[in-house]
Amino acid sequence: MTDQFDDSARANARAERRGTALLWSPRALEHDTGGHPENPGRIRAIDAELSRTGLLAGRPDVPFAPAPLAAVERVHDPAYVAALREFARRGGGRLDADTIVRPESFDVALLAAGAGIAAVDAVLDGVAPRAFVLMRPPGHHATPTRGMGFCLFNSAAIAAEQARARGAARVFILDWDVHHGNGTQDAFWERGDVVLCSLHQWPLYPGTGAADERGAGVGRGATINIPLSPGSGDAAYLDAFAATVVPAIHAARPDLLVISAGFDAHAADPLANMRVTTEGFAALARQAVAVANDVCGGRVVALLEGGYDPEALAASVMAVIRVFDAPGEAPPGNDDKSRGENAARSETSA
Ligand SMILES: [Zn+2]
């Protein structure tokens with residue numbers, strides 16, 4: 001399996017390219033939710049920081065298109081997809097108290113899912129070792145039968161299914177968004193071929209994700225929930241990685257690591273109560289890439305989920321991109337590297 005993916009598409013590699021493909025489109029701004037916390041300003045902040053830091057240059061070009069309905073319907077009930085399309089076409093509104101649909105939202109969500117699919121293809125084809133999808137709306141709360149919690153289509157789940165369709169025997173989804181990835185859990189509850197590990201504040205929306213929710217049938221044990229107390233910071237997350245996440249990824253031996261990368265566990269985030277730092281997210285990314293290097297040729301596809309303080313979000317995304325580009329190096333200009341980060345490096349390398 002691993003060899004099949006490593007052999008292909010080397011012709012696309014360029015000597016001086018950065019390692020990580022970034023998938024972004026201005027159409028992500030068209031899902032205009034106004035003053036909602038999940039608004040286009042999140043992507044604008046990331047885009048501004050990418051420009052300011054020069055991190056955009058020299059990357060592999062990964063074109064993408066709206067996800068084919070057949071790919072979306074690997075995860076979502078066709079009746080939900082059709083109903084959402086009709087809801088948007090009629091002008092939209094609210095799917096629930098939190099989830100806004102605009103006339104453009106169906107197409108934008110389809111494009112976000114398509115970016116995830118293209119990212120998986122690019123990584124499996126060797127175009128880039130890693131990819132980061134910087135689109136919106138987020139996806140991990142969207143269940144097979146309904147959108148909720150700002151999410152319309154579950155792009156991470158659709159990405160995992162794309163990898164399965166491409167021949168990956170097993171996919172591991174690591175969800176470090178501060179909220180439980182309930183939609184992803186529902187999608188793969190009875191599946192052994194897609195493993196979900198979600199770290200989340202508990203209690204918090206959506207209320208699921210207790211440690212005893214472990215999957216069912218052949219999927220028993222392939223859902224791993226790590227609820228963390230409000231106020232948890234870098235040390236708690238790194239402890240959970242060392243105790244549970246990294247061993248679980250080793251045990252699963254996936255062909256691809258998908259990360260539902262939300263940044264709302266950041267200390268500055270207004271929607272939750274965690275204390276993860278920007279450097280802490282870099283440390284989590286470093287751990288993830290290290291274990292991916294051990295088990296799946298370093299192949300990682302990250303998809304943006306939450307993160308509602310634009311400045312903290314943008315800084316954290318940059319920190320993760322830098323780690324994805326050069327996981328063995330300390331971030332440039334980072335003279336006050338956190339102790340957590342040093343601990344992470346000493347635990348994972350060797
Ligand atoms: Zn979240």
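User: Which residues of helix H6 are buried?

Analyst: A residue is buried if 20 or more other C-beta atoms, placed from the backbone, lie within 10 Å of its own, exposed if 12 or fewer, and partly exposed in between. Helices (H or I, at least four residues) and strands (E, at least two) are DSSP runs, numbered from the N terminus. In H6 the buried residues are Ser 155, Ala 156, Ala 157, Ile 158, Ala 159, Ala 160, Glu 161, Gln 162 and Ala 163. Because 9 of the 11 residues of H6 (residues 155-165) are buried, the helix is largely enclosed by the rest of the structure. This is a predicted model, in which local features need pLDDT of at least 70, side-chain atom pairs count only at pLDDT 80 or more, and totals for chains, interfaces and linings use all residues. Residues are numbered from 1 along each chain as its sequence is written.

User: Which way do the residues of strand S9 point?

Analyst: In a regular strand the side chains alternate between the two faces of the sheet. From S9, Val 300, Ala 302 and Leu 304 point one way, while Val 301 and Leu 303 point the other way, and all are buried.

User: With which strands does S9 pair, and in what sense?

Analyst: Two strands pair if DSSP finds at least two bridges between them. Strand S4 (residues 130-133) pairs with S9 in the parallel sense over 4 bridges, with Val 133 opposite Leu 303. Strand S8 (residues 256-261) also pairs with S9 in the parallel sense, over 5 bridges, and Ile 259 stands opposite Ala 302.
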